Each structure stands twice: as C-alpha cells, then as structure tokens.
Amino acid sequence: MARTIDIAIPDLAGRLAVITGASDGIGFVIATRLAQAGAEVIMPVRNPAKGEKAADRIRDLVPGAKIATRALDLSSLDSVAALVDRLVSEGRPIDILINNAGVMTPPSHQVTKDGFELQFGTNHLGHFALTLGLLPLLREGRARVTHQTSIAARSGAINWDDLNWERTYDVRKAYGQSKIAIGLFARELDARSKAAGWGITSNLSHPGISPTNLLAAQPGIGRQKDTGAVRVIRTLSRMGLIVGTVDTAALPALLAATGPDSQGGRFYGPKGPGGLGGAPARQEPWAPLRDMDDARRLWEASERLVGVRFPV
C-alpha cells in the first residue's frame with residue numbers, strides 16, 4: 001500500500017532549489033522529484049564522486065534536468081562558509097532550501113572539525129550556519145525553507161547545561177537533541193521572518209521510518225556494518241508493513257517545500273500509525289518543539305557557537 005502513495009508536485013520551472021544530503025536516500029528522491037517538476041537543483045555534497053554519480057543518475061531519470069553539485073561538509077563551518085561565499089558570489093536567488101542531510105548515532109562520541117558533538121554540530125549547527133549565510137539569497141527568492149527532523153524529536157529535551165555532551169554522553173539523547181534543535185530553529189526562523197518582513201517561510205517535516213542509510217554501515221563515522229535496526233526496517237518496508245519506503249518518506253518534505261497550501265511554521269509528516277509511514281499530512285508539533293522561549297534561546301546559543309562568520 002505504501003508504495004502507491006504519492007503527491008502532485010507543482011510546476012517549478014525557473015525555480016532554484018538547494019537540497020543537502022541529496023546524494024542518496026530521501027534527499028536523492030527529493031532532488032529527483034524537484035528536477036522532474038522543472039526546478040534547477042543544486043546538491044551540496046560531502047563526497048564529490050558520490051555526488052556526481054547521483055547527479056548523473058538524475059540526469060538519466062530526467063532528461064534535460066538542470067543539476068549541479070557543490071562541495072559541502074556540514075561538520076565544518078569553514079566548508080559551510082565556502083559554500084555560502086560561492087553561492088552568494090553566483091548571486092542567484094534561492095526559491096527552495098531543504099535542510100535534509102544528517103548523521104545518526106555514531107558508535108562513539110565524536111566531534112566536528114570545530115569541536116561540536118557530531119550530531120548536534122552536523123544536523124543542527126551546520127544547517128543553522130548555512131541558512132543564515134544564505135539569508136540574502138533566500139530573501140531575494142522569498143524562499144520556502146524546509147527542515148527535516150525525525151521521530152527522535154517526539155520526546156527528550158535540549159541539554160542546555162552541556163550542549164556538546166562533554167560531561168556525559170548518551171548517543172541517542174544527543175541525536176534526539178539535534179533533531180529537536182532542528183525543529184526549534186525551523187519555528188524561530190519563521191517567527192523572525194514574519195516579525196522582520198524577510199519574506200521567507202520556514203516549515204518542518206519528518207520522514208517517519210524508512211530503509212535509508214542512516215543506520216546502515218558508515219565507515220566514515222566508524223560503523224563498519226549495518227545495524228540490526230536497519231535490517232528489520234528493510235524487511236518491513238519490502239513487505240509494506242508499518243514503515244514507509246524511501247520514496248514515500250520523501251513526500252512530507254516535498255509537501256512542505258512545494259505544496260500550494262503548505263505554510264510557514266507548520267509541521268508535516270506521515271499520517272500512518274505512529275507516524276512511521278503513510279501519506280504525508282499536516283501534523284501538530286511534538287511537545288519538545290512547541291516552546292518558543294526554547295526556540296529563541298536555542299537561536300541565541302547557536303549564534304554564539306557558530307560565531308560572527310554567519311551574522312543575521
């Protein structure tokens with residue numbers, strides 16, 4: 001049943017879309033669908049060879065697709081700054097930004113090149129810096145910015161006293177914190193845009209559960225083999241039970257980013273049991289994402305952490 005779920009994507013000819021994490025999985029599906037709708041797509045990627053291979057696959061699937069890759073390592077603020085500088089120098093207004101890339105539960109405590117806990121630094125701070133750096137182009141394009149969170153954000157909290165988990169470390173709580181942070185940032189960006197007249201709409205999506213590479217073998221973070229969880233998810237997905245497919249998991253972000261009725265500040269995800277799979281629909285934000293005082297506090301803390309290279 002889940003394999004027949006789909007949504008219509010409006011004509012995006014003449015629009016520029018930037019999607020992080022588009023070299024495989026959900027991001028690849030999102031990039032392909034946007035290209036099919038006529039958008040020009042930029043895929044910032046950490047691995048240039050993998051990115052170009054993915055771009056070639058999209059060109060095969062979508063003859064005439066306008067696809068380009070750019071270098072980006074979200075775990076490095078220098079890399080984020082370099083991409084921002086390049087895109088700003090190119091001067092093209094951005095119509096759609098989808099902050100989709102992420103890392104999940106490395107087997108040990110790891111830090112980014114700037115010393116942040118890997119998941120918080122990559123999933124949240126990297127995207128925070130990227131979005132703020134691109135703000136002039138987003139404002140010119142009156143962009144819709146969609147942030148990809150996770151069902152890990154349904155519970156838990158921001159570890160305000162130790163954002164980088166330096167005193168104690170719980171890898172799953174740290175992952176949950178990174179995804180809560182994404183949600184709070186999405187809501188605060190929309191609130192600030194409305195208050196200041198930036199013209200940007202910012203919303204939030206989550207993909208449910210699907211057989212992506214997040215829990216698969218990833219030697220780059222020290223995971224040498226697939227986890228048991230991803231093997232179970234693949235089996236359930238093949239059987240059409242409970243969870244979604246990679247294709248259906250991409251739909252909430254596509255709805256949030258392109259839906260004619262989708263709005264800033266809203267939250268989209270699968271409407272099946274437990275939000276694990278099913279057709280995309282608007283949902284109520286989970287409890288950890290509701291407190292706008294937390295959202296403002298996180299924004300201010302994130303500004304301090306990324307420093308003056310990304311002023312608002």
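Predicted model: local features only at pLDDT ≥ 70, side-chain atom pairs only at ≥ 80, totals over all residues.

Visitor: How many residues does the chain have, and what share counts as buried?
Guide: The chain has 312 residues, and 56% of them count as buried.

Visitor: Now to the packing. At what angle do helix 4 and helix 6 pack?
Guide: The angle is about 20°, and the axes are 7 Å apart. An angle under 35 degrees counts as roughly parallel, so helix 4 and helix 6 are roughly parallel to each other. Their crossing is left-handed.

Visitor: Which residues make that contact?
Guide: Helix 4 contributes residues including F120, H124, H127 and F128, while those from helix 6 include Y175, K179, I182 and F185. By class, this contact has 10 nonpolar, seven polar and one charged residues.

Visitor: What about helix 3 and helix 4: how far apart are their axes?
Guide: The axes of helix 3, residues 77-90, and helix 4, residues 118-133, are 9 Å apart, at an angle of about 25°. That angle makes helix 3 roughly parallel to helix 4.

Visitor: Is that crossing left-handed or right-handed?
Guide: The crossing of helix 3 and helix 4 is right-handed. Helix 3 makes the contact through L77, V80, L83, V84 and V88, and helix 4 through G126, A129, L130 and G133.

Visitor: How many charged residues does the contact of helix 3 with helix 4 have?
Guide: None; by class, that contact has seven nonpolar and two polar residues.

Technical notes
Residues numbered from 1 in each chain as written. Heavy atoms only, no water. Axes fitted to C-alpha atoms, helices over the stretch in contact; angles between N-to-C directions. Helix = DSSP H or I, 4+ residues; strand = E, 2+ residues; numbered from the N terminus. Parallel < 35°, antiparallel > 145°, perpendicular 65-115°, else oblique. Left-handed = near helix turned anticlockwise from the far one by under 90°. Contact = heavy atoms within 4.5 Å. Nonpolar A, V, L, I, M, F, W, Y, C, P; charged D, E, K, R; others polar. Buried < 20%, exposed > 50% of the residue type's maximum accessible area, 1.4 Å probe, protein only.
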